Amino acid sequence: VPSEKILRAGKILRNAILSRAPHMIRDRKYHLKTYRFQDKYLFYRFLDDEQEDAPLPSEEEKQESQEELQDTLLLLSQIGPDAHMRMILRKHPSERTADDLEIIYEELLHIKALSHLSTTVKRELAGVLIFESHAKAGTVLFNQGEEGTSWYIILKGSVNVVIYGKGVVCTLHEGDDFGKLALVNDAPRAASIVLREDNCHFLRVDKEDFNRILRDVEANTVRLKEHGQDVLVLEKSLSSCRTSVQGASSSHYKYKVMSGTPEKILEHLLEMMRLDSQFTESDSALDDFVLMHCVFIPNSQLCPALQGTEQEKLDYTLNNKRRVIRLVMQWAAVHGEHLQEDDNLVAFLQEIVMAVSNDAKAIPAIRDQVTELERIIFPLSQHKVLLRHFTIGEEKLQKRQPIKSYDEILFKVYCSDHTYTTIRVPIAATVREVIDAVADKLGSTEDLLLVHLTSAGEKVIFKPNDVSVFSTLSINGRLFVCRSDQLDSLTPLPEQEGPYSGSLASFELMSSKDVAYHMTSYDWELFHCVHELELIYHTFGRQNVKKTTVNLDLFLRRFNEIQLWVISEICMCSQLIDHWCCFHIHSTSVGVLLCLTFSCLSSNKFKKFYSEFENLMDPSRNHRAYRLTVAKLEPPIIPFMPLLIKDMTFTHEGNKTFIDNLVNFEKMRMIANTVKIVRYCRSQPFNPVSPLASKSHPEVQSYVRQLNVIDNQRTLTQLSHGLEPRRS
Amino acid sequence: MSLEVKGKTQVRLVFLGAAGVGKTALILRFLQDTFEPKHRRTVEELHSKEYDIDGVKVTVEILDTSGSYSFPAMRKLSIQNSDAFALVYAVDDPESLEAVKSLRDEILEIKEDKYTPIVVVGNKADREEARQVSSEDVLSTVELDWNNSYLEASAKENANVVEVFKELLQQANLPSRLSPALRRRRETFPKDTNFRPPMNKTNSCILS
């Protein structure tokens, strides 16, 4: 039964159509059978019209429908994706199309209860899940002592777990699952499940399917043992079964690595590598390995392993050798400029090139690989040291280049009396090195602390082995150095407070299109500088891998900066709001931020305006609305990076890196897949057409690149209350 | 707007000049009475010291700048925010004197027609044997043509260092009320560049 709201929406829609274009309401059941909705005409049908004497809307109703049409359309578009999903889930499993299964599968990726299951199992589940909903709180899903028939996952709502004599023992929420125990053990239900609120949605897996899929998981698993210990676990992969129609691919390709020792995984991947395919066509498992190996087999171990394999296999066959070379090439391609940061890696590559070119004299077949290898390695010889400076804006106008960890940076460190010294250290400098440099300048021998002081006066003391801390500062945060007994006396600099007045005067002189253009291109520059590996370092904790993530930090920082900029400007000048309207459309990520921003403001004035973005950024079901929108976009895309970071952190924290001392390669694959989204987003160059190509708008460009913001939350709240007094 | 009324005031001195002429050495000699013969490149440092002059608390900020790095934007900013300038060259380096000339032009351009206290300092006066710039020539240029003050000093031997700061402070107008300066070429309004009245927040929105 449709809800009150939906019925109302339907009525408004019908009245609106009847008053504006009555010909669009038409029965099209003759076309439906042959064409489904694939012809170019849109027709509508309403339940009301099925009855003989459907009333035509009165003038009053027409008027009303005009007024409410916008809100209605918004409502419908909001529930649209959800409804679509539910429609698919209501279909009988045998009727679900490949597209349907894909949509369900994507949904499953975001369900907490399933996060430990492999992608294969999730794909299987997509085919058998059944949607179940209950309208009323208090409904009993099953009773303690009954036979277990199904496993449930909560999509929406919450339930109480009740045990006789004990009452409610716990409450389960969205993303939790229940009912598994009775299925696994073939035991009666250990508790009753009672709905805690109205209108709860569940996914259900029935016993038969549950057992088949779980049993299959085990049957599909191949374990390789050495000395009685598992060294490699493979799982049969469904997707490659389908593609093996070509026949040529060997049976190995039906299995994918689930876990294993680092050496065994490497060996396996080398053995499985196909040489007949083009180099450009990347082998995904290999790709995952190359991206993620820093987590379980650092370069310092990988290089000797590769070298060893190369030497040893040389005597066996030519193909093995070619495989190693290819892996090296792919590895070098992923690391790119990062290779230059480690002399050992450069030495390793040079050695490989030497060895390979020697072999090439004897074996002509690998000659073309030699040239490819050389192409990768020769640009490496230029070992540049760049000097950068973050505090003054002039060089921000130049196009950004990725920052490398051996680059050097100049930055100011303040003392408690607001005097400062400027030091020059490598990007990857540790806090200890920074403190030493400062102590040297100050001529101080005392024990000093390096402190991050925010504009609100909060202090964070850095640990001595933190690296490149400058990029982790808050927007108006500054680095201070002091003795431990001075810590309480640190006060923020006046400049940390941010501007006192909005920049409406200069902002009004700029066209919103130009601002959007320059913002987007600056965002893109920042995004472009982020190395894929930085995402992995960030997820696994950069102090663990001893790498910097400066470029990523600066990109993430930009999201905060823009958000604060919008809040600051609006708080200081409410009229600015009109300008956003035309400009948010140009950049998804900026639009998304604006929306997030508005929701922080306690203001009703803008509610109407941002409701469409609110819809996009609706966080429910793991930002599904946003994900669906982005999935439809073509690269280049600037993704909402915090969300991707969240995904990876979620995967990282929800899955162990090692299972029984074996590398959990499934986890590596999941994280690599997120990294590949980033790769996809950047797979096309960003060449926007400047709105006014003839002009370069230096003033807009410099404005956009050096936003002055207030980042003190208390100041902002005060300003915002001043703008729109709190209603009592 | 007299100093006594405010009870507290602030003045910023900035040291500019080519690389290795001894800007940092002069400052450290003045503040800490130390001397480090080895040259280390400075980027930018701000020192601060409080003085009590006849019951008036005066914060003297001394900005040490870089001669080695070229950051025009940074230099511009430091010139804008400063009250008095020490332009330092080394007596054994004629090129560093050229740098002083162009720096002076830059200061005048940024400060426009406002009265700008400038003291030209010939450092390393102890290196008489290596001298390449005659003090008479510089004296006539600075005092007659430019109408600024000129001093020779040695950070190494602590000669004339305190005098440099005295001259700067005197020209920056601070104690001039207490002891009339040599020069009284001033504007009608005393300068207090660094003092900004706190903005009234209710007025911060241009349009409301």
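Trainee: Is B:Glu44 buried or exposed?
Mentor: In this predicted model, local features need pLDDT of at least 70 and side-chain atom pairs count only at pLDDT 80 or more, while totals for chains, interfaces and linings use all residues. Side-chain values use heavy atoms, without hydrogens and water. Buried means under 20% relative accessible area, exposed over 50%, and partly exposed in between (1.4 Å probe, protein chains only). B:Glu44 has 4% relative accessibility, so this residue counts as buried.

Trainee: Which residue meets B:Glu44 in a salt bridge?
Mentor: A salt bridge is a side-chain nitrogen of Lys or Arg within 4 Å of a carboxyl oxygen of Asp or Glu. For B:Glu44 the N to O value is 3.4 Å, and the partner is A:Lys412.
Because A:Lys412 lies in strand E13 (residues 408–414) of chain A and B:Glu44 in strand E2 (residues 44–53) of chain B, the pair joins two chains. Strands here are DSSP runs of at least two residues, numbered from the N terminus. The partner asked for is A:Lys412.

Trainee: Which residues are joined into one network by salt bridges that share partners?
Mentor: Side chains of opposite charge can pair when their charged atoms come close. Shared partners join four residues into one network: A:Asp288, A:Glu666, A:Arg669 and A:Lys676.

Trainee: How far apart are the closest N and O atoms of A:Asp100 and A:Lys91?
Mentor: A:Asp100 is buried, with a relative accessible area of 7%, whereas A:Lys91 is partly exposed at 29%. The two form a salt bridge, and their closest N and O atoms are apart by 2.6 Å.

Note on methods: Residues are numbered from 1 along each chain as its sequence is written. Chains are lettered from A and ligands numbered from 1 in the order in which they are written. Helices (H or I, at least four residues) and strands (E, at least two) are DSSP runs, numbered from the N terminus.
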